[in-house]
Amino acid sequence: MLKKQFLSIFAIAAACATATPVLAADSNFYGVFSLGWAKLDANGSSVDFYNLNHGFTSSTTSGSTGATGGKAQLGYNLGKTFALEGGYTYLGQANFTSITNAGAIGGSKQASLFNLDLVGKVPVNERFSVLARFGGYYWKTRSEMPNSITLGTATVNDNGFDFKIGAGVQYAFTPKFSMRGEFERFNGVGNNVSSGDSKVNQLTVGAVLMF
């Protein structure tokens with residue numbers, strides 16, 4: 001579902017860009033709509049610690065790594081070299097299975113965040129630029145953790161603040177429309193007393209549309 005939504009956004013943005021005459025951009029505001037892959041995981045040791053402290057006498061957890069993610073950002077150019085970008089990022093869902101004394105129980109961890117970044121732009125030529133970013137974010141996770149009473153799962157919500165870094169490249173097809181590829185490193189997402197505190201890498205490809 002998320003993939004279809006972002007592909008629709010790309011198509012609309014591209015159509016708007018090709019319909020716009022090649023003129024100098026008349027606003028410092030722009031939007032970024034990206035889709036990609038995030039290396040989100042649920043930490044097995046943290047899940048086992050949680051299970052042993054919530055009614056289970058034994059627990060061995062293994063899980064998946066990596067999920068479809070994406071982001072929607074609003075940017076404002078501070079001249080030609082720097083910009084501020086902020087918005088919403090979805091890091092996807094990681095699944096895990098705990099083998100406990102009561103049997104195998106599956107769970108999951110979903111993560112999202114709101115960020116504010118300072119982005120540096122180094123032009124290589126009129127169309128191609130190199131990007132670097134540093135920022136902070138407020139993260140939220142929703143974990144479905146094993147429940148020793150129902151032998152199902154119970155929802156655990158965690159949140160907190162941390163910082164991120166990133167780098168990428170951007171190519172301008174017109175003054176109104178560009179495409180970019182980025183790598184971002186999130187220093188911490190999650191809680192060690194539930195599904196784990198993960199350092200998450202995310203790769204995205206996105207459309208940039210000047211307003």
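I began with helix H2 (residues 44-52), where I found Gly44, Ser46, Val47, Asp48, Tyr50 and Asn51 to be buried, buried meaning under 20% relative accessible area, exposed over 50% and partly exposed in between, with a 1.4 Å probe and protein chains only. Helices (H or I, at least four residues) and strands (E, at least two) are DSSP runs, numbered from the N terminus.

I noted that this is a predicted model, in which local features need pLDDT of at least 70 and side-chain atom pairs count only at pLDDT 80 or more, while totals for chains, interfaces and linings use all residues. Residues are numbered from 1 along each chain as its sequence is written, and side-chain values use heavy atoms, with hydrogens and water left out.

I then looked up what the buried residues of H2 pack against, and found strand S2 (59-63), strand S4 (82-100), S6 and S7, a contact being heavy atoms within 4.5 Å. At the N-terminal end of H2 I found a cap, Asn43, with a side-chain oxygen 3.0 Å from the backbone nitrogen of Ser45.

For the whole protein, I recorded two helices and nine strands, and I noted that buried residues make up 45% of the 211 residues.

Next I turned to the loop between strand S6 (128-146) and strand S7 (153-172), where Asn147 has its place. Asn147 is buried because its relative accessible area is 18%, and its side chain reaches the backbone nitrogen of Ile149 at 2.8 Å. Leu151 is found in the loop between S6 and S7 as well, and I marked it for a positive phi of about 60° although it is not a glycine. Leu151 is partly exposed, with a relative accessible area of 45%.

Last, I looked up the salt bridges, of which the structure holds eleven, each being a side-chain nitrogen of Lys or Arg within 4 Å of a carboxyl oxygen of Asp or Glu. Asp117 forms one with Arg133, the closest N and O atoms being 2.8 Å apart. That pair links distant parts of the chain, with Asp117 in strand S5 (residues 103-123) and Arg133 in strand S6, 16 residues apart. The side chains of Lys164 and Asp117 also meet in a salt bridge (2.8 Å, N to O). I checked how covered these residues are, and found Asp117 buried at 1% relative accessible area, Arg133 buried at 5% and Lys164 buried at 1%.

Technical notes. A polar contact is a pair of N or O atoms within 3.5 Å; within protein, one must be able to donate a hydrogen and the other to accept it, and residues adjacent in sequence count only if both atoms are side-chain atoms.
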